[in-house]
Amino acid sequence: MTLTTEPRITRAPFYRSVGDETEVFRAAARRGSPVLLKGPTGCGKTRFVEAMAHELGRELITAAGHEDMTAADLVGRFLLQGGETVWVDGPLTRAVRSGAIFYLDEVVEARQDTTVVIHPLADHRRELPIDRLGTSVPAAPGFQLVISYNPGYQSVLKSLKESTRQRFVAIELDFPPAEIETDVVAYEAGIDAETAGTLVRLGQAIRRIDGSPLREAASTRLLILAGGLVAEGLPLRAAVQSAVVRTLSDDADVVRALGELVDAVLPRS
Ligand SMILES: Nc1ncnc2c1ncn2[C@@H]1O[C@H](COP(=O)(O)OP(=O)(O)OP(=O)(O)O)[C@@H](O)[C@H]1O
Ligand SMILES: [Mg+2]
């Protein structure tokens, strides 16, 4: 009997380009230039990085920024293991050593003394100083830094430090135009193009509300969520109530106003 090991073939993540983001990312990757992704929640930032990492044949290592994040969370720390103190690389150090793409999500949530550790990686030095080890690790070929943030809901105080920002190639993503968003919603939710088109029209109507009281517009993700309920057999209207209207707001007046918008957009059944 012969044993064969099948090569692990993972399918390319589904991503539909909207503008020139793919070309810009490829060019930045060839240069090893760091990339800053901007865009509202649920517009496809993570999916875009996953698709690019797959296309470029690189491992993707992700960390999410939060206010308690310290440099050690990214770089690594000494841990006690079986009575011995051993150094354990953090996700950033692993990516630097292995030539992976390191994706730091929600970068502005992290304190500035944390984001500063990425500076020497984001310019010509391409190295990660590890003070605790007294060394500096040069970035392996293929290493690329990608950070993201949502300019909409983060306060001005939490904007990115200029010296950080000016090291990055910036790519701005937004909700795709109707035709593409319809394809995305249909594919991801597993519903027909007509139903997806209706959800997208509703999403666009919500995004157009003047002086919107909503913290965030109806995202592509939310439309996919509603589409998923339809794929599971729920009527479109009920799916929209649960996955769009009630998700977007707790305020009774706003929920009522959104309900009227739904009545205007959804076909009578
Ligand atoms: N252009 C696109 N091609 C394919 N899928 C898309 C596209 N735009 C959005 N999506 C879909 O929208 C959903 C949300 O995308 P994703 O999780 O990447 O958003 P995000 O921008 O990272 O959001 P967050 O800021 O909340 O992390 C995913 O299911 C993704 O497939
Ligand atoms: Mg994301």
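This is a predicted model: local features need pLDDT of at least 70, side-chain atom pairs count only at pLDDT 80 or more; totals for chains, interfaces and linings use all residues.

Trainee: By class, how many residues of the shell around ligand 1 are nonpolar, polar and charged?

Mentor: Residues are numbered from 1 along each chain as its sequence is written, while chains are lettered from A and ligands numbered from 1 in the order in which they are written. Ala, Val, Leu, Ile, Met, Phe, Trp, Tyr, Cys and Pro count as nonpolar, Asp, Glu, Lys and Arg as charged, and the others, Gly among them, as polar. Here the shell has seven nonpolar, seven polar and five charged residues.

Trainee: Which residues are closest to ligand 1?

Mentor: A residue belongs to the shell if its C-beta atom, placed from the backbone, lies within 6 Å of the ligand. Of the 19 residues around ligand 1, the closest are T41, G44, K45, T46 and R47.

Trainee: From which domains does the shell draw at least three residues?

Mentor: Domain bounds come from an automatic or database domain assignment. Both domain 1 (21-172) and domain 2 (178-265) give at least three residues to the shell. The C-alpha centres of these domains lie 33 Å apart.

Trainee: Which residues have the most contacts inside the largest nonpolar core?

Mentor: Such a core is a set of buried Ala, Val, Leu, Ile, Met, Phe, Trp, Tyr and Cys residues joined through C-beta atoms within 7 Å; buried means 20 or more other C-beta atoms within 10 Å of the residue's own, with C-beta atoms placed from the backbone. In the largest core, with 37 residues, they are F102 and V146. A second, separate core of 27 residues includes V185, L225, L236 and V244.

Key. A residue is buried if 20 or more other C-beta atoms lie within 10 Å of its own, exposed if 12 or fewer, and partly exposed in between; C-beta atoms are placed from the backbone.
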